[in-house]
Amino acid sequence: MLYQANRLSGPRQLLDYNGQMSGFSIAKDGTLASCSHDNTVRLWDVETGKQRLSLEGHSNWVLTVRFSPDGKVLASGGRDSTAMLWDPASGKELTTLKGHGDQVYSVAFAPMTQGVSLQAS
């Protein structure tokens, strides 16, 4: 169940999904991104609970997901030791960052004067 006290009158259930989620992030526009043990990142319409997109590219469980501060980039990380950047509007993969020595448990965006910096651990 998802509660969004300032926008919804009550709880909403994410439809069309019965798997195990590892985490989620909500963009300023209200788009919800979830990551899960089925190796996907999914984008949801919070108002209806319906899935908008399923992003596939990780080869193992996706453990973390985070929107950039402006909501124009989505980062994910997982057990495949990669961090991936996505365009949440289209669902297109922007890049895969390889070389992490272990699972990527968290991703975060650090603001810069121009662009953003992604940190993965």
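## Contacts and overall make-up

Among the contacts in the protein chain with a separation of 6 or more, 35% join residues 24 or more positions apart, a contact being heavy atoms within 4.5 Å. The model is predicted, so that local features need pLDDT of at least 70 and side-chain atom pairs count only at pLDDT 80 or more, while totals for chains, interfaces and linings use all residues. Residues are numbered from 1 along each chain as its sequence is written, and side-chain values use heavy atoms, with hydrogens and water left out.

The protein chain holds 0 helices and 10 strands, where helices (H or I, at least four residues) and strands (E, at least two) are DSSP runs numbered from the N terminus. Of its 121 residues, 41% count as buried; buried is under 20% relative accessible area, exposed is over 50%, and partly exposed lies in between, with a 1.4 Å probe and protein chains only. The chain exposes about 6800 Å², of which carbon and sulfur atoms supply 47%, the accessible areas coming from the Shrake-Rupley method with a 1.4 Å probe and, for residues, only the protein chains shown counting as cover.

## The open sheet

An open sheet is formed by 4 strands in the order S1-S2-S3-S4, with antiparallel pairing; two strands pair if DSSP finds at least two bridges between them. Its edge strands, S1 (21-26) and S4 (51-56), each pair on one side only. From one strand to the next the twist averages 20°, with axes taken as lines fitted to C-alpha atoms (for helices, over the stretch in contact) and angles running from 0 to 180 degrees between N-to-C directions.

Within this sheet, S2 and S3 pair in the antiparallel sense over 4 bridges, and cysteine 35 has valine 41 in S3 as its bridge partner. The loop between strand S2 (32-36) and strand S3 (40-44) contains asparagine 39, which has a positive phi of about 70° although it is not a glycine. Asparagine 39 counts as partly exposed because its relative accessibility is 23%.

## The nonpolar cores

The largest nonpolar core has 12 residues in all, among them Ala33, Cys35, Val41, Leu43, Val62, Val65, Phe67 and Trp86; such a core is a set of buried Ala, Val, Leu, Ile, Met, Phe, Trp, Tyr and Cys residues joined through side-chain atoms within 4.5 Å. At least two residues of this core come from each of S2, S3, strand S5 (62-67) and S7, and S5 gives the most, with 3 residues. A second, separate core of 6 residues includes Ala75, Leu85, Val104 and Val107. In soluble globular proteins, nonpolar side chains tend to be buried together.

## Valine 65 and its surroundings

Valine 65 lies in strand S5 and is buried, because its relative accessible area is 3%. Leaving aside residues up to four places away in sequence, valine 65 touches Gly23, Phe24, Ser25, Ala33, Ser34, Cys35, Val41, Leu74, Ala75, Ser76 and Val107. Valine 65 and alanine 108, which are 43 residues apart in sequence, are 8.6 Å apart in space, C-alpha to C-alpha.

## A further loop residue

Serine 81 is found in the loop between strand S6 (74-78) and strand S7 (83-86). Although serine 81 is not a glycine, it has a positive phi of about 65°.
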